[in-house]
Amino acid sequence: MEEARERKLTTADGRAIGFAEFGPADGLPFLYCHGFPGSRLEAALAAGACHRLGIRLIALDRPGIGTSSPRADRGIADWPQDALTVADHLDIHCLPVLGISGGAPYALACSALAPKRFPAIGLVAPLGPPPCRLQIHQRLVIGLAAGPFPGPTLCRLLLRFFSAQPAFLLALMALRAPAADRAVLERSEIRTVFQRSFAEASRQGLNGLQQELQLYASSWGYAPGDVGVPVLLWHGIKDKIVPVTHGQWLASALPQCRASFPAGDGHISLPVDRCREILAALLTEARLSAAAGPGCR
């Protein structure tokens with residue numbers, strides 16, 4: 001797997017935003033919104049496909065995750081400003097966005113609140129808003145994080161254990177995973193990326209991860225119906241981590257969504273095995289958007 005080109009900048013209010021780049025430095029820039037519990041290093045999974053397609057993938061750590069400074073009062077709707085800060089720093093006018101799993105709310109926020117700068121969205125195994133039903137283990141962890149005492153304390157204990165044992169977390173995920181996901185997790189290079197990404201997510205402690213869970217359970221600060229740009233969505237029918245009903249709900253709520261629900265894919269096989277297909281489709285959509293409006297540079 002390709003090593004990340006690590007970057008960092010300081011915002012006007014003194015916060016650090018950490019990000020990494022993958023793929024050719026002169027490629028068409030895409031923004032990558034990592035999943036949970038992940039970090040910018042997760043984007044290494046797509047590095048090979050980015051080189052083949054000529055995509056420069058820019059993956060940001062959200063506040064309190066990896067190398068980005070925490071922000072106690074943040075919401076999901078605040079995320080586009082951080083993304084725009086990085087885009088302006090890099091002199092990028094517009095930036096198609098790819099959101100994976102728990103990164104989907106952040107990817108959608110970009111185009112809901114700044115559609116001219118984020119003209120196309122790709123969602124892979126996306127987490128839906130609170131009305132969507134979660135798996136029982138997700139309801140437990142998110143419910144603890146967002147609930148009254150002692151819920152947050154118990155949630156923190158779980159996060160501490162899993163952040164210290166990323167290999168165990170992957171093994172636990174594999175226990176009830178469909179065959180396609182188990183096959184992907186048998187590949188050592190894939191496990192290494194996930195373990196590094198998980199470990200990096202808690203580099204500054206657990207506050208950022210706990211905050212992420214709380215935000216998923218609260219109002220996102222926008223409605224999916226506010227997203228007025230083209231959205232390409234993929235969700236595996238056999239996903240055991242984020243149920244396919246989340247993708248189906250979003251597909252019906254997003255005004256310009258084209259959705260695909262592969263029958264044999266799970267939560268992990270979809271972004272790994274279909275990475276090139278997904279990025280190629282989003283690249284085509286990005287070029288169409290650029291032809292219809294201001295071009296990306």
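Predicted model: local features only at pLDDT ≥ 70, side-chain atom pairs only at ≥ 80, totals over all residues.
Inside the protein, the count comes to two cavities of 30 Å³ or more. The largest cavity has a volume of about 100 Å³. Its lining is made up of Tyr32, Glu42, Ala43, Leu45, Ala46, Leu98, Ile100, Val124, Pro271, Cys275, Ile278 and Leu279. Two elements, β5 (97-100) and α12 (275-292), each give two or more residues to this lining. The largest share, three residues, comes from α12.

A disulfide requires two cysteine sulfur atoms within 2.5 Å. Cys50 is buried, with a relative accessible area of 0%. For Cys33, the closest cysteine sulfur is that of Cys110, and at 5.2 Å this pair is likewise too far apart for a bond. Cys33 is buried, and its relative accessible area is 0%. The count for the model comes to zero disulfides.

On the surface, Phe168, Leu172 and Leu175 form a nonpolar patch. Together these residues have about 310 Å² of accessible area. Leu175 is found in helix α6, which covers residues 166-175. The relative accessibility of Leu175 is 69%, so this residue counts as exposed, the cut-off being over 50%.

Methods. Residues numbered from 1 in each chain as written. Heavy atoms only, no water. Patch = residues over 30% accessible without salt bridge, like charges linked within 9 Å, V, L, I, M, F, W, Y side chains within 5 Å. Areas by Shrake-Rupley, 256 points an atom, 1.4 Å probe, with all protein chains shown as cover. Salt bridge = Lys/Arg side-chain N within 4 Å of Asp/Glu carboxyl O. Helix = DSSP H or I, 4+ residues; strand = E, 2+ residues; numbered from the N terminus. Buried < 20%, exposed > 50% of the residue type's maximum accessible area, 1.4 Å probe, protein only. 1 Å grid on protein atoms, 1.4 Å probe; cavity = no way out; pocket = protein on both sides within 12 Å on 5 of 7 lines; lining within 4 Å. Points joined across faces, edges and corners; volume = space filled by probe spheres on them.
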